[in-house]
Amino acid sequence: MKKYIIAAVLILGTGAVINTTIQSCTTLATTDLGLSIIKRFLLNGIDKGVGIYSNREAFLQNNMVDKALPKQLREINSMLEKIAPSLVAKERAYIADAAVYTVNISKPILVGAVNSLNAQDVTRIIQGEKGTATQILKEKTSQQLIAAIAPKVDEQLNQYGIVKSINTALAGSNLLGSLLGGNKTTVNSGGLTQLASEQLVNGMFNIIENYEIENSQSLLGPLGK
């Protein structure tokens, strides 16, 4: 009987220690010091993304950006690869130019969102899976970022006449109608701008999330992450 009583005490004692540890980590995270650590952590990820977006070649070579390519634009490019592969390369290059052109619009929005993090956000980050910090940042800024950069992306793409070139290449293609819906036979300028803007925004979040996942243990370990 004594053995069972001792075992129960040890379990309860261990549980109390674990619970205290979790609480102390959460408490530390929501202090000014903990909040500062998490903000710096996210700002480092943003700086990494901004560095890539500010460099045309780095942008073109980054697989996190390529993974962000919207499904519809990926399918359009697959069609173009069969009939005008050089046009796909030009489109990618023009989107890279748009990345350089708009990065200074995106950065202040992202930094502002980081600086607005509150104790509830921080608790969610500490208790969540890796990538939660980026997810919160995405929830706070995604639509705002797309709306902010879309006019500049549209300006950049129209400057090079990429929409007209794509439509010329795909003229008469029945595949385009099935892809875009209805009887559409041309790519809409606004549609391409929206897709390119989504790629730029989601690519940035992919880079930030990748930074978070790779560095969360070393940077957020003291907070119990």
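Residues 24 or more positions apart make up 83% of the chain's contacts with a separation of 6 or more. The model is predicted. Its chain holds eleven helices and zero strands, and 43% of the 225 residues count as buried.

**Fold and surface**

- Read from the N terminus, the order of elements is α-α-α-α-α-α-α-α-α-α-α.
- The chain exposes about 11800 Å².

**Confidence**

- The chain has a mean pLDDT of 80, with 74% of its residues at 70 or more.
- Among the elements, the lowest mean pLDDT, 37, belongs to helix H1 (residues 2-29).
- The highest mean pLDDT, 96, belongs to helix H3 (residues 56-61).
- Residues 1-26 have a pLDDT below 50.
- This stretch, residues 1-26, has four contacts in the model beyond near neighbours in sequence.

**Helices H5 and H6**

- Helix H5 covers residues 71-83 and helix H6 covers residues 85-115.
- Their axes come within 6 Å and cross at roughly 140°.
- On the H5 side, the contact is made by Leu73, Asn77, Leu80, Glu81 and Ile83.
- On the H6 side, Pro85, Leu87, Val88, Glu91 and Ile95 take part.
- Sorted by class, the contact of H5 with H6 has seven nonpolar residues, one polar residue and two charged residues.

**Two residues of helix H8**

- Ser142 is placed in helix H8, which spans residues 132-160.
- Ser142 has a relative accessible area of 12%, so it is buried, the cut-off being under 20%.
- Apart from neighbours within four places in sequence, Ser142 is in contact with Val201 and Phe205.
- Leu157 also lies in helix H8.
- With a relative accessible area of 2%, Leu157 is buried.
- Not counting residues up to four places away in sequence, Leu157 touches Tyr94, Ile95, Ile162, Leu192, Thr193 and Ala196.
- One of these residues, Ile95, is also listed on the H6 side of the contact between H5 and H6.
- Another of them, Leu192, is 35 residues from Leu157 along the chain, and the C-alpha atoms of the two are separated by 8.7 Å.

Definitions and conventions. Residues numbered from 1 in each chain as written. Predicted model: local features only at pLDDT ≥ 70, side-chain atom pairs only at ≥ 80, totals over all residues. Heavy atoms only, no water. Axes fitted to C-alpha atoms, helices over the stretch in contact; angles between N-to-C directions. Helix = DSSP H or I, 4+ residues; strand = E, 2+ residues; numbered from the N terminus. Contact = heavy atoms within 4.5 Å. Nonpolar A, V, L, I, M, F, W, Y, C, P; charged D, E, K, R; others polar. pLDDT = per-residue confidence, 0-100. Buried < 20%, exposed > 50% of the residue type's maximum accessible area, 1.4 Å probe, protein only. Areas by Shrake-Rupley, 256 points an atom, 1.4 Å probe, with all protein chains shown as cover.
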